Amino acid sequence: VQTRGGRVGEQPSEKLAESFLKLNLETGRLKTGTPARLYRDSIDFSLTEPQPGDTPPPPMSLKTRRIDRPQVPCYLTHTNEQTHDIIRNNLDKSPMYTGKIEGVGPRYCPSIEDKVVRFSERNEHQVFLEPETFSGETIYPNGVSTSLPAEVQEAFLRSIPALRNCRFQRYGYAVEYTYVPPHQLHRTLEVKTVEGLFLAGQINGTSGYEEAGGQGFMAGVNAALKVLGRPPFTLERHEAYLAVMIDDLLTKHHREPYRLFTSRAEYRLLLRCDNADIRLMNHARTLGLMSEQEFDQIVALQEAVERETARLGRAPLRHEEVDWAFAEEIGFEKPTRQLTLAQILARPEISLQQFERLLGALPLPFEDAHWNARFREQVDILVNYSGYMDRQQRHVEHAKDREHTRLPAHWDYQTFLSLRKEARDVLTRFRPETLGQAGRLPGVNPADVDFLLIQLNKRDRETQTA
């Protein structure tokens with residue numbers, strides 16, 4: 001059945017899509033899908049593999065000390081050849097294969113129809129049974145997103161032993177929707193040609209809750225700052241994954257829904273979950289998201305870590321201070337040359353716990369056990385990976401000049417005949433805000449960036465002369 005609408009039970013937003021066309025915004029079509037929802041009491045979990053979460057569960061925010069709430073496990077099962085035969089025999093009923101849906105779906109979350117066709121050599125695919133709520137009445141069978149008719153969904157899901165008696169709370173479905181290619185946005189997510197209009201989430205061609213939430217934060221903050229008459233808020237690629245995503249959206253061709261991965265960030269050694277508050281504390285304080293007390297505590301942590309890593313980098317290993325009985329137990333041999341304590345801790349075969357048994361515990365600077373644990377974690381990470389992180393930081397510093405060099409919004413790139421036609425067309429379409437953004441555009445090479453820099457210098461000389 002094909003109907004007009006939003007997600008299940010929601011009305012379509014056709015007038016909204018029409019308004020974008022009236023604003024002369026370029027639009028496109030993408031698709032997304034979802035699996036059925038099943039009743040928990042109809043599933044035989046004895047035929048699945050429990051998938052417990054991490055112990056202890058890591059909190060999403062560094063402000064959260066610990067999570068005490070009992071955790072709910074997921075369960076793993078698999079499709080089989082019978083499942084795949086049912087799907088193959090009914091592909092003519094799938095809107096994606098009959099042409100009713102033409103939009104491109106997310107490559108990394110394919111439908112079960114796509115998996116069966118594209119990976120025909122596989123005789124099974126994973127299905128993670130995920131409770132949708134804490135009480136867990138309904139189960140989300142992750143891995144079998146589909147737009148096949150209800151009777152086909154029933155047949156192929158019940159071909160999986162654990163689901164042979166499953167009952168459906170809701171059937172899976174696909175949605176084809178309009179999006180606004182995001183090269184039409186500023187880094188604040190404000191539409192370039194419509195002042196005061198900010199776009200965030202799936203409408204920008206992204207897929208995923210975190211992606212939508214991050215954009216909503218950025219667009220909401222900048223909408224508020226604009227109303228308050230304050231400067232806009234933006235982030236650089238070396239500061240946050242949110243910045244990586246927005247920069248990718250603004251500078252790359254998107255033929256499918258965008259999803260953010262750590263591999264998309266060239267500075268991912270700097271973008272770690274353990275240092276998020278340290279990286280972003282200045283921005284958080286400016287936006288009023290962090291109290292002065294919280295800010296001072298993070299500064300104290302940062303300073304304590306810097307002092308201790310510096311001490312470990314200077315202090316020589318003194319043989320009389322080593323617990324040689326434990327050293328023999330773990331296979332640590334007496335060094336033939338003078339080493340610092342940092343060089344000992346940085347050895348891949350020695351953990352922080354072993355280091356402290358060898359040479360004594362690190363001095364703990366705080367009364368609070370939580371902050372001492374953070375202190376030990378940061379020291380361990382920085383000593384072990386400082387060489388790699390220092391190299392990335394040098395790359396960041398090298399790239400900063402071009403990253404912050406702004407390009408005039410009024411430039412007519414088609415008049416720059418020394419640029420290749422492809423570069424002129426790409427620059428005209430994307431209208432990058434900085435030289436750094438221009439250099440990341442597909443079809444713009446280093447020679448083109450050098451030409452733009454020459455034009456900027458020429459403009460500056462003419463302005464000074466005038």
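**Cavity**

I sorted the lining of the largest cavity by class and got four nonpolar residues, one polar and six charged. This is a predicted model, so I keep that in mind for every entry here. How many cavities of 30 Å³ or more does the structure hold? I find one. Its volume comes out at about 80 Å³. The residues around the largest cavity are R187, M218, T234, L235, E236, R237, A243, I246, D247, E403 and R440. Helix α7 is the top contributor to that lining, with three residues.

**Second largest pocket**

Next I looked at the second largest pocket, which has a volume of about 2,000 Å³. I count 45 lining residues for it, and M60, S61, L62, C273 and A276 are the ones nearest its centre. Helices α6 (209-228), α7 (241-251), α8 (276-286), α9 (292-314) and α13 each give two or more residues to the lining. Which element gives the most? That is α8, with seven residues. By class I have 25 nonpolar, eight polar and twelve charged residues in this pocket's lining.

**H370**

I then clicked on H370, which sits in helix α13, spanning residues 369-404. Is H370 buried or exposed? Its relative accessible area is 18%, so H370 counts as buried, the cut-off being under 20%. Ignoring residues up to four places away in sequence, H370 touches L62 and R65.

A reminder to myself: in soluble globular proteins, nonpolar side chains tend to be buried together. Here I find a largest nonpolar core of 32 residues, and L312, I344, F355, L358 and L359 have the most contacts inside it. The elements supplying two or more residues to this core are α8, α9, α10 (324-330), α11 (341-345), α12 (352-359) and α13. Helix α9 holds the largest share, six residues.

What does L312 contact once neighbours within four places in sequence are left aside? My list for L312 reads T340, L341, A342, L345, F355, L362, V379 and V383. There is also a second, separate core of 24 residues, and L25, V191, V194 and V221 are among its members.

**Aromatics**

I searched the whole structure for aromatic pairs and got eight. One of them is F168 with Y171, a stacked pair at 4.8 Å centre to centre, with 25° between the planes. I checked how accessible each partner is. F168 is buried, because its relative accessible area is 14% and the limit is under 20%. Y171 has a relative accessible area of 31%, so I put Y171 down as partly exposed.

W324 and F332 make another stacked pair, 6.2 Å centre to centre and 20° between the planes. W324 is partly exposed, with a relative accessible area of 26%. F332 comes in at 7% relative accessibility and therefore counts as buried. I also noted an aromatic cluster made up of W411, Y413, F416 and F451.

Which residues does a cis peptide bond join? I find it between T55 and P56, with omega at about -5°. P56 is in the loop between β3 (49-51) and β4 (74-78).

I flagged N24 for a positive phi of about 65°, although N24 is not a glycine. Where is N24? I located N24 in the loop between α1 (14-22) and β1 (28-34). Its relative accessible area is 70%, so N24 is exposed, given that exposed means over 50%.

R431 went on my list as well: its phi is positive, near 45°, and R431 is a residue other than glycine. I see R431 in the loop between α14 (421-430) and α15 (435-439). At 24% relative accessibility, R431 is partly exposed.

Note on methods
Residues are numbered from 1 along each chain as its sequence is written. Side-chain values use heavy atoms; hydrogens and water are left out. Helices (H or I, at least four residues) and strands (E, at least two) are DSSP runs, numbered from the N terminus. Buried means under 20% relative accessible area, exposed over 50%, partly exposed in between (1.4 Å probe, protein chains only). Contact means heavy atoms within 4.5 Å. On a 1 Å grid over the protein atoms alone, a cavity is a set of points where a 1.4 Å probe fits but cannot get out, and a pocket is an open set with protein on both sides within 12 Å along at least five of seven lines; lining residues have an atom within 4 Å of a point. Grid points are joined across faces, edges and corners, and a volume is the space filled by probe spheres set on the points. Ala, Val, Leu, Ile, Met, Phe, Trp, Tyr, Cys and Pro count as nonpolar, Asp, Glu, Lys and Arg as charged, and the others, Gly among them, as polar. A nonpolar core is a set of buried Ala, Val, Leu, Ile, Met, Phe, Trp, Tyr and Cys residues joined through side-chain atoms within 4.5 Å. Rings of Phe, Tyr and Trp (its six-membered ring) pair if their centres lie within 6.5 Å; planes under 30 degrees apart count as stacked, over 60 as edge-to-face and the rest as tilted.
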